[in-house]
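This report describes a structure for a reader who meets it here for the first time. Please look at the sequence and the model before reading on.

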Amino acid sequence: MEHIKAENLTLGYRHKKVVKGIDLIIMKGEFLSIIGPSGVGKSTLLMGLNATTSILGGRLNVLGCNLDRIGQNELRALRSKIGVIFQGFNLVARLSVLDNIASGMLHRKLLLAALFKYYSRQQYEELYEYMKVVGIEQEAISRCDRLSGGQKQRVAIARAIAQRPEIILADEPVSSLDPVSARCVLETLKNANKKYGITVISNLHQLDYAREFCSRVIGLNGGRIVYDGPPEHLSAAAVAEIYGKERHDPIDNTIRHFSYAPAALSAA
Ligand SMILES: Nc1ncnc2c1ncn2[C@@H]1O[C@H](COP(=O)(O)OP(=O)(O)O)[C@@H](O)[C@H]1O
Ligand SMILES: [Mg+2]
């Protein structure tokens, strides 16, 4: 089943095209990473998938909704099926692990329970399952500001899972973590992907992590997809193209990234 289909999709901001005419199909249950140097449009692409960045051209279908002409109610319903995880955790610091995770269920049923911090046995059991999935059950009643970075990110994953999403979008979820915590967090995302069949799309700065955890890698450079395939097929040349030196492209007067000078550039 297709979860995402982009056709000649251009995304960006008012007067700036960032992602330029890409074609992309992502199937249910994929664990995919978007890699590339900073500023190439990874976040713009990821956040375009829940309609946070604007479509400037082409078509984008997410979970059966056409984002180029979606209404407010439909958009709210769509976003409830998409969990989002950021580099900065975005937890409520003074709330406990349990209450933060429960806030992921809000749109479903837990509004009153979360307000009064009272959970039925069944709700507690569900929350406990999510805590076990991310390995944070020992800290259930700890305040989130007492946790380490890696623990906080695992709480953020549990909160996203509690939303029972179809898709999780993770924007550089491990870039502020040490390597051991980073691996633990990516392992946790992978577990969620397997256990619940959630499609996971993650921006990753480090190629090593993409190789280790993902079944598919998208290399972005200059707003275009320069690689799309399994990590084991990433050749040195492909890596050089993805992480190529930034060059000024006189043709469309925007910054492009090339690992070599194309003929048009050398001639200019
Ligand atoms: N809110 C915004 N308004 C205008 N330009 C933006 C905005 N956010 C990002 N950009 C620009 O879009 C380009 C791509 O940014 P981004 O998607 O954040 O790249 P990456 O995540 O790969 O580092 C950059 O040139 C950045 O300056
Ligand atoms: Mg980014």
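In this predicted model, helix H1 (42–48) gives the largest share of the shell around ligand 1, namely 3 residues. Both H1 and strand S2 supply at least two residues of that shell, where helices (H or I, at least four residues) and strands (E, at least two) are DSSP runs numbered from the N terminus.

The residues around ligand 1 are Tyr 13, Lys 16, Val 18, Pro 37, Ser 38, Gly 39, Val 40, Gly 41, Lys 42, Ser 43 and Thr 44, a residue being near a molecule if one of its heavy atoms lies within 4 Å of it. Sorted by class, the shell has 4 nonpolar, 5 polar and 2 charged residues; here Ala, Val, Leu, Ile, Met, Phe, Trp, Tyr, Cys and Pro count as nonpolar, Asp, Glu, Lys and Arg as charged, and the others, Gly among them, as polar.

The table lists polar contacts of the ligand, that is, pairs of N or O atoms within 3.5 Å.

| Residue and its atom | Ligand atom | Distance |
|---|---|---|
| Lys 16, side-chain N or O atom | oxygen of ligand 1 | 3.0 Å |
| Gly 41, polar backbone atom | oxygen of ligand 1 | 3.1 Å |
| Ser 43, polar side-chain atom | oxygen of ligand 1 | 2.9 Å |

Taken alone, ligand 1 exposes 560 Å², and the protein buries 59% of that area, with accessible areas coming from the Shrake-Rupley method with a 1.4 Å probe.

Strand S2 also belongs to an open sheet of 4 strands, which follow the order S2-S1-S4-S5 with antiparallel pairing; two strands pair if DSSP finds at least two bridges between them. Strand S2 (16–27) and strand S5 (65–66) stand at the edges with a single partner strand each, so one side of each has no neighbour in the sheet. Strand S4 (residues 54–62) is joined to S5 by 2 bridges, and Asn 61 has Asn 66 in S5 as its bridge partner.

The protein chain as a whole has 10 helices and 12 strands. Of its 268 residues, 51% are buried, meaning under 20% relative accessible area. The accessible surface of the chain comes to about 12800 Å², and carbon and sulfur atoms account for 51% of that surface.

Residues are numbered from 1 along each chain as its sequence is written, while chains are lettered from A and ligands numbered from 1 in the order in which they are written. Local features need pLDDT of at least 70, side-chain atom pairs count only at pLDDT 80 or more, and totals for chains, interfaces and linings use all residues, while side-chain values use heavy atoms, with hydrogens and water left out.

Technical notes: A polar contact is a pair of N or O atoms within 3.5 Å; within protein, one must be able to donate a hydrogen and the other to accept it, and residues adjacent in sequence count only if both atoms are side-chain atoms. Buried means under 20% relative accessible area, exposed over 50%, partly exposed in between (1.4 Å probe, protein chains only).
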